[in-house]
Amino acid sequence: MSSPTALAPGALARQPAAPAVARRSASPLVRFARSSPLGAVCAVILVVICMLAIFADVVAPYDPLEASYSQTRQPPSAAHLLGTDHLGRDVLSRVLHGARVTMLVGLSSVLLGDSIGFLWGLLSGYGGRRVDLISQRFTEVLLSFPTLILAMLLMIGLGAGLHTVIVAIAVTRVPGSTRIVRSVVLTVKEHAFVEAGRCLGASPLRIAFRHIAPQCLAPMTVVLSLNLGTAIFAESALSFLGIGVPPPTPSWGNMLGGVLAEAFRPPWWIVLCPGLAITLTILCCNLVGDALRDFLDPKLRHRLL
């Protein structure tokens with residue numbers, strides 16, 4: 001006789017594994033941290049940088065614009081943790097306030113440029129052959145210019161200022177986002193649910209924004225994180241060349257450009273601190289983008305979780 005507690009053959013196979021169920025029921029943030037610990041650490045670092053930028057007035061020990069000519073080029077010490085620059089200004093305070101300007105320009109330009117690129121790519125991919133042909137030729141014209149050259153041309157035409165830097169960098173982000181969204185739309189619009197919407201009499205705008213646009217959000221999230229690092233680099237390069245955020249407003253780029261213009265061999269701490277901040281931020285943006293790409297890819301999700 002068989003035991004009354006014996007399970008039927010194949011019953012264990014039909015029961016889901018407890019760890020797998022627990023992983024699927026976890027929150028998206030927990031699943032993202034499990035899938036890519038390095039990406040989660042980089043995301044935390046970016047959040048810390050943004051918080052320091054927001055509360056720079058509270059965290060910074062000195063006024064970033066206050067010069068002290070009796071303490072110029074002082075090395076790191078207890079009074080000035082990262083030293084002082086060629087005008088006696090505290091480097092730590094300028095790095096913290098520079099993070100506010102750099103992150104503001106990066107986030108604003110990416111949100112503006114990628115939003116325009118999202119709408120442009122959506123209408124280009126779903127608007128028909130003629131609309132797609134005209135819009136893609138214009139996109140190719142924008143892509144023919146290197147990012148910094150196009151931003152410099154726009155800065156020359158618009159003039160110097162924080163808002164013009166944001167607009168100039170945002171324009172350089174538009175064509176890449178347009179191409180990515182368009183490629184997704186061209187694939188999604190051939191699916192059965194889109195054909196069902198047409199058969200039910202839904203308008204083209206309703207189909208585009210209600211049914212197709214949500215399918216483009218996952219790749220756009222990855223594009224946003226990757227473009228943030230590119231935008232920060234573009235702002236730093238423009239400010240380094242003297243055509244970005246005008247001084248004395250501190251940003252990481254003009255901190256490097258200003259000190260190199262004053263001396264051929266500046267003290268190491270004046271170059272290392274803003275340069276390390278730029279490198280760390282761009283590296284974290286790229287690693288978070290790679291982690292998001294793998295996390296949102298259905299083909300890789302079951303391997304990562």
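How many aromatic pairs does the count come to? The count comes to three aromatic pairs, where rings of Phe, Tyr and Trp (its six-membered ring) pair if their centres lie within 6.5 Å, and planes under 30 degrees apart count as stacked, over 60 as edge-to-face and the rest as tilted. Two of them are tabulated here.

| Pair | Centre to centre | Angle between planes | Class |
|---|---|---|---|
| F32 and F295 | 5.7 Å | 85° | edge-to-face |
| W120 and F138 | 5.7 Å | 35° | tilted |

This is a predicted model: local features need pLDDT of at least 70, side-chain atom pairs count only at pLDDT 80 or more, and totals for chains, interfaces and linings use all residues. Residues are numbered from 1 along each chain as its sequence is written, and side-chain values use heavy atoms, without hydrogens and water.

F32 belongs to helix α3 (residues 28–35) and F295 to helix α14 (residues 268–296), so their pair ties together parts 263 residues apart in sequence. Helices are DSSP runs (H or I, at least four residues), numbered from the N terminus. F32 and F295 are both buried, meaning under 20% relative accessible area, with exposed over 50% and partly exposed in between (1.4 Å probe, protein chains only). F138, by comparison, is partly exposed at 48% relative accessibility.

The loop between α5 (56–59) and α6 (91–126) holds Q74, and H80 is in that loop too. H80 is buried, at 7% relative accessibility, whereas Q74 is partly exposed at 34%. Beyond four places in sequence, Q74 contacts (heavy atoms within 4.5 Å) G83, T84 and W269.

How values were computed
Helices (H or I, at least four residues) and strands (E, at least two) are DSSP runs, numbered from the N terminus.
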